[in-house]
Amino acid sequence: MVKLQLMHDNNDLFTNMTHIQNMVRDMTGNKYPFMDVAKLGDDEYALRFAVAGYKKENISVEQTGQFLTIEGSWEEDAVQYLVEGIAKRKFHRQIPLQEHIKVKQVHMEDGMLCIHLVKEVPEEKKPKTFEIK
């Protein structure tokens, strides 16, 4: 079951309706690897992907414009399995991001790929208040 909470605050990661629709399509279509989206602060978010068993050398994270692409592959091994229940497959996830969202940090910990995102609006794009003289 995919649990998705949509926010209506302008500071949220996925506020543009097209981006929300694309994200929902991604989360309900290609679900592997499974992911969580967490809001860490006003302008900070974390994406966490369950990638137990994958080596970090076999995973790539790339931001191109407003899209975040996560790809991974599994190295074949020579083991003859009697029971093979762990998913071992290539994956490709593409996630649309709101304008000004940037990748701050990527790391792996305890079988989780963690992508820390931050919204950095340039000064010239921020609202300005003017003093009336």
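How many helices and strands does the chain have? The chain has 1 helix and 7 strands, where helices (H or I, at least four residues) and strands (E, at least two) are DSSP runs numbered from the N terminus. This is a predicted model, in which local features need pLDDT of at least 70 and side-chain atom pairs count only at pLDDT 80 or more, while totals for chains, interfaces and linings use all residues. Residues are numbered from 1 along each chain as its sequence is written, and side-chain values use heavy atoms, with hydrogens and water left out.

**View 1. The whole chain.** Along the sequence, the elements follow the pattern α-β-β-β-β-β-β-β. Of the 133 residues in the chain, 29% are buried; buried means under 20% relative accessible area, exposed over 50%, and partly exposed in between (1.4 Å probe, protein chains only). The chain exposes about 9,500 Å², of which carbon and sulfur atoms supply 50%; accessible areas come from the Shrake-Rupley method with a 1.4 Å probe, and for residues only the protein chains shown count as cover.

**View 2. The hairpin of strands 1 and 2.** Strand 1 (residues 35-41) and strand 2 (residues 44-50) run antiparallel and are joined by 6 bridges; two strands pair if DSSP finds at least two bridges between them. The hairpin that they form has 2 residues between the strands. Ala38 has Ala46 in strand 2 as its bridge partner.

View 3. An open sheet is formed by 3 strands in the order 3-4-5, with antiparallel pairing. Strand 3 and strand 5 (91-96) are the edge strands, each pairing on one side only. From one strand to the next, the twist averages 15°; axes are lines fitted to C-alpha atoms, for helices over the stretch in contact, and angles run from 0 to 180 degrees between N-to-C directions.

View 4. In strand 4, Thr69 lies opposite Glu62, and Gly72 lies opposite Ile59. The hairpin has 2 residues between its strands, and Gly65 in the turn has a positive phi of about 60°.

View 5. His116 lies in strand 7 (residues 112-119). His116 is buried, with a relative accessible area of 17%. Its contacts (heavy atoms within 4.5 Å) include Leu40, Tyr45 and Val103. A polar contact of 2.8 Å joins the side chains of His116 and Glu44; a polar contact is a pair of N or O atoms within 3.5 Å, and within protein one must be able to donate a hydrogen and the other to accept it, while residues adjacent in sequence count only if both atoms are side-chain atoms.

Key: Lists of a residue's contacts leave out its neighbours within four places in sequence.
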